[in-house]
Amino acid sequence: MIWSTLKLWFHKLGSPPIFSVFARRVAPWLWAAFFACTLYGVYLALYVAPPDYQQSDSARILYIHVPAAWQAMLAYVIMAVLAAIALIWRIRTAEIMAMAAAPIGAALTLICLVTGSLWGKPMWGTWWEWDARLTSMLVLLFIYVGIMALYAAYDDPRKGARVASVLVIAGLVNLPIIHFSVEWWTTLHQGQTIRIFGESKMDPSMIPPLIWTTLGTKFLFGAALLDRARNLLLAQDQHKAWVRRELAPALDDRKQPA
């Protein structure tokens with residue numbers, strides 16, 4: 001029963017009009033959840049969590065750096081799943097969502113690299129080091145940019161999405177390199193601190209703000225993905241009847257006299 005319901009829901013979201021309505025209704029709730037979780041997490045990070053015994057207040061930037069890094073990698077996994085669905089079943093909304101995920105993932109990767117550099121200057125004495133973890137994250141940013149460039153290189157968005165989806169799948173090889181780089185090589189970057197299974201090395205008082213800011217990045221990604229995908233879909237189908245019906249209320253409001 002549950003599987004059949006999920007399958008029906010999955011197929012319905014493959015319809016552009018249904019997906020557009022779904023994205024329009026769900027995205028505002030995700031944005032609200034993002035602001036609520038992030039604001040609360042930042043409050044805990046700045047005013048409740050204690051300074052690190054070694055890094056002092058410099059460690060507080062990690063409440064942004066770590067969630068951005070985690071979500072940048074998760075965004076790529078989600079994009080790869082969507083790309084696989086697009087290549088196997090030729091579902092157009094999956095193609096659009098996969099391509100919409102790339103700029104968001106690139107932005108999160110850039111935030112990770114910038115905040116890492118801001119933290120690294122006082123801790124390591126340099127803005128950048130060709131460390132295995134840092135370098136593999138930089139490669140992830142280049143992959144994201146390459147996917148966006150390849151998609152934009154084609155006049156036909158469907159053909160561009162299919163070609164770029166192949167690059168998405170190939171780029172998955174970089175994710176285990178990022179994750180295991182601190183174990184495979186001797187690096188400046190610290191090892192795994194948070195463990196889902198087993199004891200974490202972080203003080204328990206510092207975990208709640210990290211959890212809330214991490215949740216915030218999840219909601220941020222979901223909201224931005226739905227909004228970007230819907231905008232791409234509306235732009236591609238702008239001359240179709242379902243788009244005119246979808247945008248009719250907004251157009252009518254604009255025509256109302258002031």
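Predicted model: local features only at pLDDT ≥ 70, side-chain atom pairs only at ≥ 80, totals over all residues.
Two residues are said here to be in contact when heavy atoms of each lie within 4.5 Å. Leaving aside residues up to four places away in sequence, Phe 221 touches Gln 71, Ala 75, Ile 78, Ala 101 and Ile 104. The relative accessible area of Phe 221 is 4%, and because buried means under 20%, Phe 221 counts as buried. Gln 71, one of the residues touched by Phe 221, is 150 residues away along the chain, yet the two C-alpha atoms are separated by 7.9 Å.

Attention can now turn to helix H3, which covers residues 62-89. With 28 residues at 1.5 Å a residue, H3 should span 40 Å, and this agrees with the 40 Å that separates its end C-alpha atoms.

On the H3 side, Met 73, Tyr 76 and Val 77 take part in the contact, and they meet Leu 175, Ile 178 and His 179 of H7. By class, the residues of this contact comprise five nonpolar and one polar, with no charged residue. As a general point, an α-helix has 3.6 residues a turn, so residues three or four places apart point the same way.

Key
Residues numbered from 1 in each chain as written. Heavy atoms only, no water. Helix = DSSP H or I, 4+ residues; strand = E, 2+ residues; numbered from the N terminus. Expected span 1.5 Å × (residues − 1). Nonpolar A, V, L, I, M, F, W, Y, C, P; charged D, E, K, R; others polar. Buried < 20%, exposed > 50% of the residue type's maximum accessible area, 1.4 Å probe, protein only.
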